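Open the model in your viewer and keep the sequence panel beside it.

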Amino acid sequence: MKLLVLHESFLPVTIEKMHSEFSVFAVSINHKKATGLNIKRDSGRMETFDPKKFVEAQIAETNKKIGSARALVAVSGGVDSTTCTVLTHRAIGDNLVCVILDDAFMREGEPEHVVQVLSKPPFNVPAKIVNVRERFMNAMKGLRDAEEKRKVFRETFYQVLAETARNEKCEILVQGTIKADIIETVGGVKTQHNVLEQIGINPMQCFGFEIVEPLVTLYKSEVRIVARHLGLPEEFSERQPFPGPGLSVRVVGEIRPDKLDTLKKATALVEEGLVEHRPSQYFAMIVDNEQSAQQSRAMHIQETVARFLNVPSRNVRVDMFQDRATGVQGGKRHYGDVVGIVVQTMAGKLHQTAIQNLISLQAKIITENPSVARVYYAIKDLGEKKPYVIGMRAVQTQDFLTATVSEIPWTTLEKVADGVIAKCSNVSTVYYDVTPKPPATIEME
Ligand code: XMP
């Protein structure tokens with residue numbers, strides 16, 4: 001039996017009756033419609049996935065592909081690249097050269113921490129940090145468009161890796177690409193930093209190495225199963241994903257040193273404050289506090305918010321930011337406006353309502369204004385203009401292809417926002433992003 005319904009994400013969903021005697025239904029989102037690729041998931045796959053078999057097969061396969069050659073891997077400390085590194089090290093031992101590109105976009109202290117964990121038992125994978133901060137900052141300087149930044153990041157990333165591979169006499173690059181990376185890039189949602197061959201870029205011709213991707217058939221949840229099986233500490237196996245281009249995709253618009261520094265401070269506070277609520281992914285984003293000239297749209301949204309929340313419209317401030325963010329509309333990339341909503345109460349404090357209510361408000365705003373890709377709702381506002389605003393994001397998701405907004409308690413949101421205002425003297429407002437994926441993506445860019 002097959003039934004086609006509409007999932008809350010607006011993606012078509014197929015419900016298949018799996019075991020009629022128990023009336024168990026498997027829900028699989030038809031991502032073919034959403035992304036242009038046919039991926040079929042079923043709830044049975046997770047149960048039948050055998051990490052021991054997978055690891056054995058991949059070790060054999062990797063050995064066959066790499067043989068006695070030397071291979072390079074760039075690890076970021078995220079679950080995919082770390083799992084890929086440990087797995088490949090099991091296969092080819094010290095013929096694997098492991099580097100951490102310190103590209104300026106990792107969290108504070110992260111490169112050193114990753115080296116320390118990898119080099120200790122049970123892994124004993126020697127890793128070294130390659131400091132390329134200046135090179136990346138120079139390459140990204142002045143760029144504002146998200147896709148342009150992603151492409152420049154990818155180009156710089158692979159040029160640095162090509163040079164490192166030549167220095168280390170490696171002709172093979174091992175990387176932890178997973179299924180979702182390819183789906184999103186091929187589907188045209190965003191250029192993931194690690195997808196080349198699948199979009200027609202020949203790595204041998206362009207960069208002088210072949211690519212081996214041991215995890216490319218897996219979803220994130222399966223990578224975690226493999227990570228646990230390989231004995232990675234919980235800190236890594238259960239870790240929230242961190243994108244390859246790192247914090248660069250969370251600095252909306254132009255990347256400047258002071259803006260990046262502020263984001264690093266806010267990232268530490270947001271991660272520390274939200275972790276206890278166990279969202280699938282949670283982080284901070286930074287936006288220039290510059291408005292675009294869209295007076296009539298802002299006024300229209302102001303009226304919508306006032307009616308929806310039943311507050312006087314003079315209490316509602318709508319900021320339409322100059323820089324845009326990435327979203328998905330009808331399965332395609334949508335680079336749209338970011339709207340910040342600040343609602344004062346009579347007592348001069350900010351208006352609070354259930355997060356679910358704010359998600360419904362967001363849906364109304366985006367339906368009425370399709371150019372909007374993100375709705376931010378203010379948790380703290382200084383009432384004076386400073387150069388930046390911070391967005392907090394927390395989402396629940398299984399596969400990272402769709403995601404819902406986490407219902408974080410207001411007390412937590414306020415506490416974290418207070419901390420950000422206190423520690424970041426150039427930030428005037430801290431918002432919570434109330435946009436699910438779709439219509440937003442998880443990352444801003
Ligand atoms: P989006 O923003 O596309 O993110 O909804 C889905 C998941 O992918 C991660 N992400 C990336 N991971 N390279 C990566 O390794 C990338 O270029 C990249 N872009 C997004 C994101 O953090 C989320 O978990």
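Helices (H or I, at least four residues) and strands (E, at least two) are DSSP runs, numbered from the N terminus. By that rule the chain has 15 helices and 16 strands. This is a predicted model, in which local features need pLDDT of at least 70 and side-chain atom pairs count only at pLDDT 80 or more, while totals for chains, interfaces and linings use all residues. Residues are numbered from 1 along each chain as its sequence is written, and side-chain values use heavy atoms, with hydrogens and water left out.

**Whole chain.** Show the surface. Accessible areas come from the Shrake-Rupley method with a 1.4 Å probe, and for residues only the protein chains shown count as cover. The chain's accessible surface is about 18800 Å², and 51% of it belongs to carbon and sulfur atoms. Buried means under 20% relative accessible area, exposed over 50%, and partly exposed in between (1.4 Å probe, protein chains only). Of the 445 residues in the chain, 59% are buried. A contact means heavy atoms within 4.5 Å. Among contacts between residues at least 6 apart in sequence, 74% join residues at least 24 apart.

**The ligand.** Select the ligand next. A residue is near it if one of its heavy atoms lies within 4 Å. 15 residues surround the ligand, and the closest are Glu184, Lys190, Gln192, Lys437 and Glu443. Which atoms lie by the ligand's oxygen atoms? A side-chain N or O atom of Lys190 is 2.6 Å from a ligand oxygen, and a polar side-chain atom of Glu443 is 2.5 Å from an oxygen atom of the ligand. Ile442 takes part through its backbone, with an N or O atom 2.7 Å from a ligand oxygen. Taken alone the ligand exposes 490 Å², and the protein buries 93% of that.

**Val195.** Go to the loop between α8 (179-186) and α9 (203-207), where Val195 is placed. Is Val195 buried or exposed? Val195 counts as buried because its relative accessibility is 0%. Leaving out residues up to four places away in sequence, Val195 touches Arg154, Thr177, Asp181, Ile182 and Thr185.

Select Lys220, in helix α10 (residues 220-229). Its relative accessibility is 10%, so Lys220 counts as buried. The side chain of Lys220 makes a polar contact (a pair of N or O atoms within 3.5 Å; within protein, one must be able to donate a hydrogen and the other to accept it, and residues adjacent in sequence count only if both atoms are side-chain atoms) with the side chain of Asp80, at 2.9 Å. Residues that Lys220 touches, beyond four places in sequence, include Val79, Ile178 and Phe400. Phe400 lies in the loop between β14 (388-396) and β15 (404-405). Phi of Phe400 is near 70°, a positive value in a residue other than glycine.

Show helix α5 (residues 110-119), where Glu110, Pro111, Val114, Val115, Val117 and Leu118 are buried. Their cover includes α4 (79-92), β5 (96-102), β6 (127-131) and α11 (234-237). Move on to the loop between α5 and β6, which holds Pro122. A cis peptide bond, with omega about 5°, joins Pro121 and Pro122. Asn124 is in the loop between α5 and β6, and has a positive phi of about 50° although it is not a glycine.

**Last stop.** Select Pro438, in the segment after β16 (427-433). The peptide bond from Lys437 to Pro438 is cis, with omega near -20°.
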